[in-house]
Amino acid sequence: MNAHHRLLWIALSALAFLAWTSPISAQIGPAAPPPHSAHPTPTPQSLAEGKALFEGTCAGCHGIDGSGANGPNIRGVGKDLGPEGIYSVIYGGGAIGSGMPAFSSLGEQKIWLLVNYVSSFGEPGGGAATGDPAKGKEVYDASGCSNCHMIGSQGGDSGPDLSQIGGVRSVGFLHDALLDPGANLPQSDASLQERTSYPSYTMYRVVMKDGKVIEGMRLDEDSFTLQLRDAKGQLHSINKLDASKIEVLPDKSFMPSYKDKLTETQLNDLVAYLASLGAGR
Amino acid sequence: MKTSRQRWILCGFALLALVLGSRAQSWAQDVTYDEILHSASHPQDWLTYGGNYASQRFSELKQVNTENVKDLKIQWVYQLKHQGIFESSPIVADGIMYVTEPPTTVTALDVRTGKPIWRWSAPLPPNLLTIGLFPTNRGVAILDDTVYVATIDAHLVALDAKTGAVKWTSEIGKNSQSVAITQAPLAIDGKIIVGMGGGEGGLRGYIDAYDAKDGHRLWRLYTIPTTGEPGVETWEGDSYKYGGATTWNTGAYDPETNTLFWGTGNPAPDWNGDARKGDNLYSCSLLAIDADTGKMKWYFQFSPHETHDWDAAEPPILIDAKIDGKMRKLVVQADRNAFYYVLDRETGKFIAGKAYAKQTWAQGLDANGRPIELPNNQPTTKGNLIYPSITGSVNWTSSSYSPLTGLVYVDTREQGAYYFKGHPEMEPNNPHDIGGGGGQKAVLGDAAYSAIRALDATTGERKWQFKMVGDSWTGTLVTAGNLVFCADAGGNFFALNAETGEPLWHIQLGNSVRANPITYEVDGKQYVEAAAGNSVFVFSLP
């Protein structure tokens with residue numbers, strides 16, 4: 001397009017453009033989808049088509065199984081957003097800065113194929129709890145979990161907040177983490193794009209150049225600093241250049257193992273209770 | 001007591017300073033080709049994306065050096081008016097910094113204060129297509145009195161450097177067919193060179209030259225041959241028609257031989273190469289192009305029949321250095337596929353190559369530089385762990401080269417990924433059926449890290465490294481003050497000793513630096529710029 005035609009195009013589209021958005025940055029934000037057909041019931045055939053479309057279109061960012069790659073884990077979004085919610089995100093794209101483009105050009109038929117396939121992922125990580133959540137709450141209360149963990153506004157804050165844990169962790173992960181917490185440290189908040197997704201709650205032992213020794217779990221780290229919290233809850237902000245030795249203590253955690261403290265039934269009940277938290281997020 | 005001769009010299013310097021000062025304060029905005037050509041002797045400005053035509057990101061400025069860098073302080077901060085992924089490397093000319101805000105806004109800043117002088121935003125369609133890339137912009141080009149920007153919806157726009165007024169606009173490609181551009185154009189003598197992106201949308205890649213005065217297209221070079229052309233046999237069936245090989249990052253230019261050096265992206269679909277058997281020329285290659293005609297002089301393919309998304313879009317670096325005691329004209333590239341390459345830039349002949357990061361896909365390189373591939377290095381339906389990950393050992397960020405140390409500084413990523421093979425779902429020129437043909441699940445955790453690696457420019461041998469926590473997306477700048485500037489994923493902008501890698505200074509900027517830093521000089525003072533989060537930070541000595 002030459003300059004004249006380009007300017008003409010700009011002029012002709014100005015009204016529509018202004019109606020579309022102001023300020024200009026909203027152009028890359030989510031756009032509400034126009035009226036579209038009703039949510040179709042998935043069939044084996046449509047799920048297979050959706051799978052093929054997903055693998056060709058979405059898997060590069062969201063992983064082949066939806067568990068995330070460069071983009072976030074989207075397993076469980078069926079429950080979170082519902083079909084119309086997923087349709088809106090695919091149609092209009094993710095939030096500004098999320099990097100997810102709008103796929104409105106797929107057309108509603110293919111968007112629905114994707115909606116149904118993505119919804120079929122089910123729970124993050126898959127699997128269903130077999131225990132009794134009500135009894136699991138009793139186990140939770142009796143085992144001192146709330147000394148370190150918060151649910152709602154109740155409990156301590158040295159461990160992860162569990163208010164929504166059922167919506168973000170699989171049953172298998174919760175089960176394994178109770179038996180061997182050090183080997184199943186959770187990843188840090190994936191929404192913090194500036195930080196790589198490294199395990200939180202990793203235990204460190206640091207020897208400072210003045211001989212002082214600090215042991216604690218990692219709250220944050222970059223190339224020059226390390227933030228630890230010790231067993232007493234004390235924060236330590238460490239300049240790495242002032243340390244003579246920085247050592248990771250693998251498979252260690254402040255959280256004790258419940259391997260020999262709970263029966264299998266109690267463990268399953270506790271997992272079922274945790275899995276029920278935030279399941280409707 | 002000063003002699004008469006010394007007084008005259010001092011007067012001369014004072015006059016020169018006055019002339020330079022008044023020139024800057026008057027905002028002349030007239031950057032001739034000759035000035036860009038001799039940018040090494042004009043280090044107070046930063047006139048091209050790569051700092052000079054050789055794309056070395058080396059500055060002769062040395063006021064800030066290994067002794068005093070610890071005293072660097074923030075002088076001003078500019079906060080973007082348009083939020084998003086900010087990856088812009090500014091141009092600085094005659095007292096003005098031209099920075100681009102996502103998705104395509106050009107802002108001219110008073111380089112002394114950071115105050116905006118003018119701002120221009122590209123009008124974009126509501127159904128903008130950005131497939132396989134972030135809607136961002138990495139910078140502008142400048143020539144004479146005009147600033148050139150390539151828009152995310154694939155137009156080349158010429159703006160008056162003084163006012164931001166549009167002089168002309170040319171369409172580079174159809175965004176409705178997924179052509180999208182994030183790169184800074186390259187201005188050479190009377191021409192604006194620009195490539196394109198969007199290779200996951202079923203495209204055939206190309207690179208264009210436009211007349212700097214009126215924007216008409218002078219030539220187009222397709223990066224995939226068509227029927228009857230040599231190389232088309234490296235694509236099975238008609239897969240050449242939509243095989244990608246885009247040209248999405250800024251290249252280098254050798255004025256002596258009038259040759260452009262430009263990298264190409266992956267063949268499409270990415271992770272499933274079943275329907276495109278063959279080497280898939282000229283994807284994942286470095287192209288040497290006659291700047292007058294657009295004819296390809298030679299090519300060198302880093303990753304034949306690529307299936308891991310390892311584009312060769314990293315900016316190549318032109319250097320002159322001794323090989324076996326003889327001065328040679330070289331082009332070097334730390335590739336996304338984890339190998340560092342040294343080529344003769346006149347012939348494209350392979351001279352040396354070596355892995356600079358962990359890789360598990362090739363045994364090494366043969367005498368011609370072709371990878372000797374290992375078995376089982378392909379994506380599978382169940383996932384196959386291969387190093388590096390799809391973002392590669394380096395991605396779009398620039399490496400730098402110091403002629404003082406003879407080292408190339410690479411912001412390296414160490415990370416593997418499980419590669420999955422899916423269905424290609426690729427149709428010719430049809431963005432509605434974009435096809436990646438699979439995907440990856442990157443290995444996360446502390447095992448994934450970044451490092452600044454200093455490589456011998458002529459061999460690729462590692463001299464030192466500075467390890468970083470997290471996934472750095474910054475690129476390096478090196479100066480005659482023997483400093484390498486870069487940043488980690490955690491928001492630390494820092495300076496290293498270019499000879500040893502020793503950290504000498506760092507500052508926490510509160511967000512990651514996703515853009516190549518630059519340096520320049522105003523009123524006799526050297527400044528260093530870094531773009532962190534959605535802000536431009538500028539530093540100098542007190």
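**Exercise 1.** Determine the order of the strands in the open sheet of chain B and which strands lie at its edges.

*Solution.* In this predicted model, local features need pLDDT of at least 70, side-chain atom pairs count only at pLDDT 80 or more, and totals for chains, interfaces and linings use all residues. Residues are numbered from 1 along each chain as its sequence is written, and chains are lettered from A and ligands numbered from 1 in the order in which they are written.

Step 1. Strand 11 (186-188) and strand 14 (217-222) each pair on one side only and are the edge strands.
Step 2. Strand 13 (residues 206-211) of chain B is joined to strand 14 by 5 bridges; Tyr210(B) stands opposite Arg217(B) in strand 14.

**Exercise 2.** Classify how helix 2 and helix 5 of chain A are oriented to each other.

*Solution.* Step 1. The axes (lines fitted to C-alpha atoms over the stretch in contact, with angles from 0 to 180 degrees between N-to-C directions) of helix 2 (residues 44-57) and helix 5 (residues 108-119) of chain A come within 8 Å and cross at roughly 95°. Helices are DSSP H or I runs of at least four residues.
Step 1. The two helices of chain A are therefore roughly perpendicular (65 to 115 degrees).

Key. Pairing = 2+ DSSP bridges. Parallel < 35°, antiparallel > 145°, perpendicular 65-115°, else oblique.
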